[in-house]
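Thanks for making time this morning.

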Amino acid sequence: MTIEDHVFIGHGVTFVNDLYPRATTPRGELQTGKDWKVEPVLVRTGASIGSGATILSNVVIGQNAIVGAGSVVTRDVPANAIVAGNPARLLRYITTEPRRIE
């Protein structure tokens, strides 16, 4: 997995690097290192991942994106997106416009 600069990773975040985790081979023998295919995960510059999130393999978390605590990320997260839930879904994009709370 690759984590670029200025990334925040909260407590207890899990990164999954195996698409089909198994303890044994199809023949019933214990797997060894040669039996696993390690899958990539990429977290781009400035992203933030909340505590307890799970990031599945073959996922890219875009630049400055925010993943909510406890989320399960099953697909790529676009740059500047805020996602949350299980599975993680797009809530909104980060903008430079001020937010008004009424």
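Let me start with Met1, which lies in the segment before β1, residues 2–3; helices (H or I, at least four residues) and strands (E, at least two) are DSSP runs, numbered from the N terminus. Before I go on, please keep in mind that this is a predicted model, in which local features need pLDDT of at least 70 and side-chain atom pairs count only at pLDDT 80 or more, while totals for chains, interfaces and linings use all residues. Residues are numbered from 1 along each chain as its sequence is written, and side-chain values use heavy atoms, with hydrogens and water left out.

Is Met1 buried or exposed? Met1 counts as exposed, because its relative accessibility is 51%, where exposed means over 50% relative accessible area, buried under 20%, and partly exposed in between, with a 1.4 Å probe and protein chains only. Together with Ile3 and Ile9, Met1 forms a nonpolar patch on the surface, with about 260 Å² of accessible area in total. Patches here are made of residues with over 30% relative accessible area and no salt bridge, like charges being joined within 9 Å and nonpolar side chains (Val, Leu, Ile, Met, Phe, Trp, Tyr) within 5 Å. The areas come from the Shrake-Rupley method with a 1.4 Å probe, and for residues only the protein chains shown count as cover.

Now to the sheet. Its 5 strands form an open sheet in the order β2-β5-β8-β10-β11, with mixed pairing, and two strands are said to pair if DSSP finds at least two bridges between them. The edge strands are β2 (8–9) and β11, each of which pairs on one side only. Strand β8, residues 66–67, runs parallel to β10 and is joined to it by 2 bridges, and Ile66 has Ile82 as its bridge partner in β10. On to β11, residues 89–93, which pairs with β10 in the antiparallel sense over 4 bridges; here the partner of Ile82 is Arg92. The hairpin of β10 and β11 has 4 residues between the strands, and in this hairpin Gly85 takes a positive phi near 110°.

Which residues touch the most other members of the largest nonpolar core? They are Ile49, Ile55, Ile61, Val67, Val73 and Val77, out of 16 residues in that core, a nonpolar core being a set of buried Ala, Val, Leu, Ile, Met, Phe, Trp, Tyr and Cys residues joined through side-chain atoms within 4.5 Å. At least two residues of this core come from each of β4 (41–43), β7 (59–61) and β10 (81–84). Taking Val77 as one example, and leaving aside neighbours within four places in sequence, Val77 is in contact with Val60, Ile61, Gly62, Ala65 and Val83, where contact means heavy atoms within 4.5 Å. As general background, nonpolar side chains tend to be buried together in soluble globular proteins.

Two loop residues also deserve a look. His11 sits in the loop between β2 and β3 (14–15), and His11 counts as exposed because its relative accessibility is 69%. Beyond its neighbours within four places in sequence, His11 is in contact with Ser51 and Gly52; His11 and Gly52 are 41 residues apart in sequence, yet 6.3 Å apart in space, C-alpha to C-alpha. Ala69, in the loop between β8 and β9 (72–73), is exposed at 60% relative accessibility, and Ala69 touches Gly50 and Ser51, again not counting residues up to four places away in sequence.

Finally, how many salt bridges are there? The count comes to 3, a salt bridge being a side-chain nitrogen of Lys or Arg within 4 Å of a carboxyl oxygen of Asp or Glu. One of them joins the side chains of Arg44 and Glu4, at 3.1 Å from N to O. Because Arg44 lies in the loop between β4 and β5 (48–49) and Glu4 in the loop between β1 and β2, this pair ties together parts that are 40 residues apart in sequence. Another links Glu29 with Arg27, whose closest N and O atoms are 3.0 Å apart. In the salt bridge of Lys37 with Glu39, the closest N and O atoms are 3.7 Å apart; Lys37 is exposed, with a relative accessible area of 58%, whereas Glu39 is buried, at 10%.
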